[in-house]
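Student: Could we go through this one together, starting with how the helices pack and then moving on to the domains?

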Amino acid sequence: MKPLASRPQQMKRSGIREILEIAVRTPGCIRLEVGEPNFPTPAHIVEAAHRAAQEGKTRYTLSAGIIPLREALVEKVKRFNGLDVGIENIIVTPGSTYSLFNAFEVLLEPGDEVLIPDPGWPTYDTQVTLAGGVTTRYPLYQANGFRPVVADIEKVITPKSKVIVMCNPSNPTGAVCSEDEIREIVELARRYDLYVISDEVYEELIFEGAPTTAAKFDPDRVVTIYSFSKTYSMTGWRVGYAVAPAPIANWMARATEPNVACASEPNQWAALAALTGPQEVVGEMRQAYQRRRDLVCDVLKEKGLFQYQPNGAFYIMIDVSQAQMDSYDFCKELLKVKQVACAPGATFGPSAAGLVRVSLATAEDELVEGVRRLCDFVEERAASLKTAAAR
Ligand SMILES: Cc1ncc(COP(=O)(O)O)c(C=O)c1O
């Protein structure tokens, strides 16, 4: 038989999934590896989908999404993000994961380089590979709170560079960039004539600082990725959207058609209800994540493992290098010995090989207990290394 296509075989396996697969087979384990809100989708959103389905709104829609939702999004991005766009700039997709891939498909020629953060969400690397591009990583240093430094990005730009990907607030670090930092990155992109894909799916989950959308500094070169998943606890509904300059948006809508046709119609009506309904729930979830962030930082301080405070999203990176283990081995051993699952740092990029990511999207008691066990594991492992060295 002829060989299968080589591109999918170049995809790196997600370390999060690798641990998840062991975690689901480990009874009673504390799950801190996945980035999935533990809150139910608010009832009025569920009811809107139910109503839509009963009313027969169960059809294919325009590839870019139903008009009422895109009109409401025009209003949202104006009010919340300060962007002046029309519905022709908005493409609703089955989850923002597809918005992102859609953007890569439209922007990349084979071999084009995409600058991605290290550490960064592993899907960037996989999607660029699938779209025929090549990733280059720019470093994010813990000493700088994991926020990008323009000079570090500039160092890895080559004549083949085409796109800079930024993620603010960040998965996996929870870092939130200042307005000046974002402006400088967009200015850098302009100087080198690069596009920017700004992943802002955690825009509503900022504890300190304010959301800044990169597109306001150069709307003609920035594609912004947004989602209903994290803001409204709607991960399984698969509704996300991109805001893009008209020529890019036009091709993104065109490419959506043969790939996925459109997002699910009842779920688009549910997303409209999320946008136009009561917003208190968004603030309540944000406060809950912030409280969990504080609790985790307190445990880390008590155990001597505190390094930095994330200011947004629902993740924290913990430095476990004292255990002197590869981060995959660390996570597997932690799961076996302490029944706690977390994500290996190396899956987010080589710079995070001594770190693990803990998700704050788990109930408080479990989260605190899980982080305590993780710290105990590091302590026990460091002590046994010391004893072995003294022999
Ligand atoms: C940084 C980032 N961007 C995008 C997504 C995709 O979210 P969704 O496809 O559910 O909209 C995720 C999901 O975890 C994420 O962490």
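Tutor: First a definition: axes are lines fitted to C-alpha atoms, for helices over the stretch in contact, and angles run from 0 to 180 degrees between N-to-C directions. Helices (H or I, at least four residues) are DSSP runs, numbered from the N terminus. This is a predicted model, in which local features need pLDDT of at least 70, side-chain atom pairs count only at pLDDT 80 or more, and totals for chains, interfaces and linings use all residues. Residues are numbered from 1 along each chain as its sequence is written, and side-chain values use heavy atoms, with hydrogens and water left out.

Student: OK, at what angle do the axes of H2 and H12 cross?

Tutor: The axes of H2 (residues 15–23) and H12 (residues 327–338) cross at roughly 15° and come within 11 Å. H2 is therefore roughly parallel to H12 (angles under 35 degrees count as such).

Student: Which residues in H2 and H12 meet?

Tutor: Gly15, Glu18, Ile19, Ile22 and Ala23 in H2 are in contact (heavy atoms within 4.5 Å) with Tyr328, Cys331, Lys332 and Leu335 in H12.

Student: Switching topic, what does the domain assignment give?

Tutor: The assignment, automatic or from a database, gives domain 1 (6–40 + 280–382) and domain 2 (57–276). Their centres, taken over C-alpha atoms, are separated by 25 Å, and the contact takes 36 residues from domain 1 and 33 residues from domain 2.

Student: And how much area is buried between domain 1 and domain 2?

Tutor: About 3000 Å² is buried between domain 1 and domain 2, with carbon and sulfur atoms giving 58%; buried area is the accessible area (1.4 Å probe) that two parts lose on being put together, summed over both. Arg7, Asn311 and Phe348 supply 19% of the area that domain 1 buries against domain 2, more than any other three residues.

Methods:
Helices (H or I, at least four residues) and strands (E, at least two) are DSSP runs, numbered from the N terminus. Angles under 35 degrees count as roughly parallel, over 145 as roughly antiparallel, 65 to 115 as roughly perpendicular and the rest as oblique.
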